[in-house]
Amino acid sequence: MDHLQQTPLSRLPVPRFVSTLLASFSTTGLIVGVFFFAMSLTPSLIPRPYVVQAVISGLSLSAGYAIGVLLRWVWSLLDLPEFRGRTGLTVKVLAALGCSGVALAFLWRTAYWQNTVRQIMGLDPVESAEPFKLGLIAALVFVAIVLLARLFRLTFSFLARRFEHVLTRPLAKVAAVVAVIALFWSAVDGVIFRFALHAADSSFQRLDALIDPDVAPPTDPLKTGSSASLMTWDELGRQGRQFVASGPAAKDIGAFFGAEAKEPLRVYAGLNSAETAKERAKLALEELKRVGGFERTNLLIVVPTGTGWIDPPGMDSLEYLLKGDVASVAVQYSYLTSWLSLLVEPEYGAETADALFDAVYGYWTTLPRDKRPKLYLYGLSLGSMNSQGSVDPFDIISDPFQGALWVGSPFPTRTWLQITGNRNPGSPEWRPLYRDGSVIRFTNQENALNIPGAKWGNVRIVYLQYASDPITFFDPHSFYREPDWMKAPRGPDVSPALRWFPVVTMFQLLADMALATTSPIGYGHVYAPEHYIDAWMQVMAPPGVTEADAERLKGQLKGRY
């Protein structure tokens with residue numbers, strides 16, 4: 001804190017509460033904090049409601065204030081000259097007025113910045129970002145954090161004095177710091193975090209068990225959950241029931257192509273279908289055999305998202321392109337939303353994906369090569385990460401699957417990180433070129449899969465990702481350095497007004513992750529059927545389907561989801 005040592009603020013001709021308030025804050029902290037606050041109002045990847053923006057701005061203000069206080073402490077430690085007395089007061093008042101002006105100017109500009117993102121995504125512009133409500137909520141967040149910090153300091157001082165009775169002063173301070181950190185962490189982890197997690201767990205569990213009256217159990221014996229199935233309808237969970245009951249029927253596909261089509265096969269094992277991941281995977285394999293999945297021309301191993309959800313545009317477009325001649329199999333590993341599942345039970349998804357791939361691939365390799373289906377992999381979001389993790393190249397090199405489509409890979413995905421990090425020089429991070437393009441290609445809203453001079457090999461892997469997807473492009477290193485995807489050339493769906501700022505950008509991207517699925521379809525973490533179609537056409541090269549057919553299908557599926 002900045003202390004005025006020659007003339008106390010309480011003796012100057014200003015109201016007492018104002019002088020007390022001014023004296024309690026660091027001038028340097030406020031200057032840096034307001035700079036961070038102002039920068040937090042600039043756009044990032046996803047349009048933000050003012051409440052979310054207020055929380056980001058309050059956190060940014062607090063972080064900037066803490067950095068300013070630290071700089072002020074270092075300045076004092078070095079015995080550098082300081083403003084004191086009336087000069088110090090004048091500087092403090094001018095700084096407060098200047099900070100207020102800067103904050104107001106940037107608050108007034110917030111709607112314009114948000115509209116630079118909304119315009120790209122085809123959303124109607126907002127007339128106001130509610131600057132006064134935004135500023136008030138941000139101030140409350142800042143005050144709450146400052147009070148918490150001061151409580152931390154008071155607790156430290158109290159414990160340090162007590163420890164000095166039995167320890168030397170340096171050791172007492174060290175012991176006090178350790179004790180306070182342990183105390184505060186136990187309060188956050190043991191009370192707040194666990195309570196919130198328990199509430200979320202109960203909520204998602206009830207949602208998973210909810211049976212939609214509009215989704216009736218199937219009567220077709222080739223459907224999972226029917227009376228002939230190895231699994232009951234109730235065991236599938238809400239997302240499993242929706243997956244099995246939805247999708248195009250053979251008559252829909254046949255009508256589109258004007259020719260006979262097959263009924264797509266969908267197999268799904270829910271969390272309640274068996275006790276362990278291996279047992280659920282084995283049960284899914286037996287169900288796949290029962291319905292004749294290995295007699296189809298194409299077989300797809302699907303890894304769902306955290307809730308067990310499988311993206312309808314991805315599956316529907318595939319089943320159309322293959323004219324129904326495909327069987328798909330999936331196993332649920334959680335009922336929590338993906339980011340919660342990634343946070344509290346990441347091993348469950350990896351374990352289930354491994355078990356399902358091992359079971360299906362293991363059986364598939366025992367079949368004659370000229371009589372078995374072509375094998376493909378598919379996953380979106382956390383499903384993409386777990387699907388990639390289920391494949392060890394050394395285990396399949398002698399008998400590889402035919403291809404994979406991995407969509408919106410989360411930023412910690414190891415395979416994706418390795419490939420992106422080793423992309424060809426000059427290609428952007430949001431749409432890399434990898435080696436000669438014979439095995440791996442990337443695409444987004446603009447189909448980039450037809451690479452001049454490149455020829456597909458025996459295995460075709462496509463990554464579909466949007467530059468505006470924060471699930472993919474969140475970077476924890478943005479705390480202190482600019483991510484590569486922000487550098488020119490930028491993705492077509494990223495605001496040109498986006499700028500990198502230390503600390504602030506990380507807060508913005510964290511909020512973007514929470515809002516990633518609120519964007520319009522075709523942006524953020526919401527993938528459009530037309531982009532799936534481009535990707536599936538390259539991965540599978542469906543026989544008898546022309547580019548004109550693909551374009552017609554885009555028109556038919558667009559706007560349906």
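Strand β6, residues 440-443, is covered on both faces: I440 and F442 sit on one side, R441 and T443 on the other, and all are buried. A parallel partner for β6 is strand β7 (residues 460-464), and four bridges link the pair. Keep in mind as you explore that this is a predicted model.

**More on the strands**
- Strand β2 covers residues 298-303, and six of its six residues are buried.
- N298, L300 and V302 point one way from β2, while L299, I301 and V303 point the other way.
- On one pairing, β2 runs parallel to strand β3 (residues 326-331), with five bridges between them.
- β2 also runs parallel to strand β4 (residues 374-380), this time with six bridges.
- Follow the chain from β2 through helix α10 (residues 312-321) to β3, and you trace a right-handed β-α-β unit.

**The nonpolar cores**
- The largest nonpolar core holds 107 residues, and L300 is among the residues with the most contacts inside it, together with Y378, F401, L405, Y532 and W536.
- Helix α18 (residues 529-540) gives the most to this core, contributing seven residues.
- There is also a second, separate core of 16 residues, whose members include V34, A54, Y65 and A103.

**Two residues to look up**
- A103 belongs to helix α4, which spans residues 85-120.
- Is A103 buried or exposed? Its relative accessibility is 15%, and the cut-off for buried is under 20%, so A103 counts as buried.
- Which residues does A103 touch, leaving aside those up to four places away in sequence? They are V34 and F37.
- A103 and F37 are 66 residues apart along the chain, yet their C-alpha atoms are separated by 7.4 Å.
- R414 lies in helix α15 (residues 414-421).
- With a relative accessible area of 75%, R414 is over the 50% cut-off and therefore exposed.
- The C-alpha atoms of R414 and G389 are separated by 7.7 Å, with the two residues 25 positions apart along the chain.

**The whole chain**
- Altogether the chain has 19 helices and seven strands.
- Of its 561 residues, 51% are buried.
- Looking at contacts with a separation of 6 or more, 73% come from residues 24 or more positions apart.
- The accessible surface of the chain comes to about 27000 Å², and carbon and sulfur atoms account for 62% of it.

**How confident is the prediction?**
- The pLDDT of the chain averages 90, and 89% of the residues score at least 70.
- Where does pLDDT stay under 50? Look at residues 1-14, for which the model has 33 contacts beyond four places in sequence.
- Where pLDDT is low, the predicted coordinates should not be read in detail.

Terms used. Residues are numbered from 1 along each chain as its sequence is written. This is a predicted model: local features need pLDDT of at least 70, side-chain atom pairs count only at pLDDT 80 or more; totals for chains, interfaces and linings use all residues. Side-chain values use heavy atoms; hydrogens and water are left out. Helices (H or I, at least four residues) and strands (E, at least two) are DSSP runs, numbered from the N terminus. Buried means under 20% relative accessible area, exposed over 50%, partly exposed in between (1.4 Å probe, protein chains only). Contact means heavy atoms within 4.5 Å. pLDDT is the predictor's confidence in each residue, from 0 to 100. Two strands pair if DSSP finds at least two bridges between them. A crossover is right-handed if, with the strands pointing away from the viewer, the path from the first strand over the helix to the second runs clockwise. Accessible areas come from the Shrake-Rupley method with a 1.4 Å probe; for residues, only the protein chains shown count as cover. A nonpolar core is a set of buried Ala, Val, Leu, Ile, Met, Phe, Trp, Tyr and Cys residues joined through side-chain atoms within 4.5 Å.
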